[in-house]
Amino acid sequence: VSTQSTWDRPFSPINLIDSSGGALKKSLTDKVLNDLEAAGKISCKTLKKQKIYLVKQDTLHVPDEQQLAEIERKTAAAIEELAEVEAEAKRLEQKLQALRSSLTDEQLEEGIKGCSMAVASKRERLERIKGVSATPVDPAAKAQLLEKYHTRRNHWRTRKKWASAMLEGVCGELRRPNDLLKELGVETDEEAQVTLQSTDVLQSR
């Protein structure tokens with residue numbers, strides 16, 4: 001009620017109850033308002049069966065300049081303290097998140113153990129590779145092999161293009177080419193999971 005008495009506009013008991021978040025009960029609120037009215041601190045008017053109260057302004061304490069300055073100083077100090085508390089809370093929250101995301105000693109040991117085993121396996125494989133005698137490839141034979149490789153790939157691409165055109169011509173707009181291939185029992189490159197890109201040995205190297 002003391003907070004409500006600083007208002008400079010009319011208010012009702014319901015306003016007080018709402019502002020308290022339901023902490024004030026109606027019977028207690030009515031009693032306090034009646035006491036304040038009897039003490040001459042507030043006035044009451046009844047509008048449409050509802051009591052409306054208004055604080056008498058001449059009963060309010062008006063702070064002087066020194067008191068206003070003190071209030072402003074305390075307000076500024078409180079704002080500064082609040083900012084410091086919020087900054088500290090944010091820092092602690094970030095630290096907590098970092099701790100939650102960091103690995104435990106057991107997890108670190110397990111990770112180090114796994115990495116060590118992987119390194120040992122790679123080293124063993126490297127030693128085996130080094131122990132194998134490599135036979136140099138004849139440049140002429142390599143060039144001939146690559147020429148055959150590109151020729152067969154070009155033939156494959158051409159046959160694939162012709163087959164697609166023939167299927168589309170046979171099916172027209174009445175059927176889908178894939179439906180006809182299924183009826184004939186023909187397996188497509190896609191069904192066999194073989195494509196030009198997957199067989200490009202030069203690109204994969």
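1. Let's start with the overall layout. In this predicted model, the chain forms seven helices and two strands. If you walk along the sequence, these elements come in the order α-α-β-β-α-α-α-α-α.

2. Next, have a look at how much of the protein is covered. The chain has 205 residues, and 11% of them count as buried. Its exposed surface comes to about 17600 Å², with 57% of that area supplied by carbon and sulfur atoms.

3. Now for the inside. The largest nonpolar core has seven residues: Phe11, Leu16, Leu33, Leu36, Ile42, Tyr53 and Val55. Helix α2 (26-38) and strand β2 (50-55) each contribute at least two residues to this core.

4. Leaving aside residues up to four places away in sequence, Tyr53 touches Arg9, Pro10, Phe11, Pro13, Leu33, Asn34, Glu37, Ile42, Ser43 and Cys44.

5. What about contacts across the whole chain? Taking contacts with a separation of 6 or more, 44% are between residues 24 or more positions apart.

6. Finally, the cysteines. How many disulfides does a search of the whole structure find? The count is zero.

Conventions. Residues numbered from 1 in each chain as written. Predicted model: local features only at pLDDT ≥ 70, side-chain atom pairs only at ≥ 80, totals over all residues. Heavy atoms only, no water. Disulfide = S-S within 2.5 Å. Helix = DSSP H or I, 4+ residues; strand = E, 2+ residues; numbered from the N terminus. Buried < 20%, exposed > 50% of the residue type's maximum accessible area, 1.4 Å probe, protein only. Contact = heavy atoms within 4.5 Å. Areas by Shrake-Rupley, 256 points an atom, 1.4 Å probe, with all protein chains shown as cover. Core = buried A, V, L, I, M, F, W, Y, C linked by side-chain atoms within 4.5 Å.
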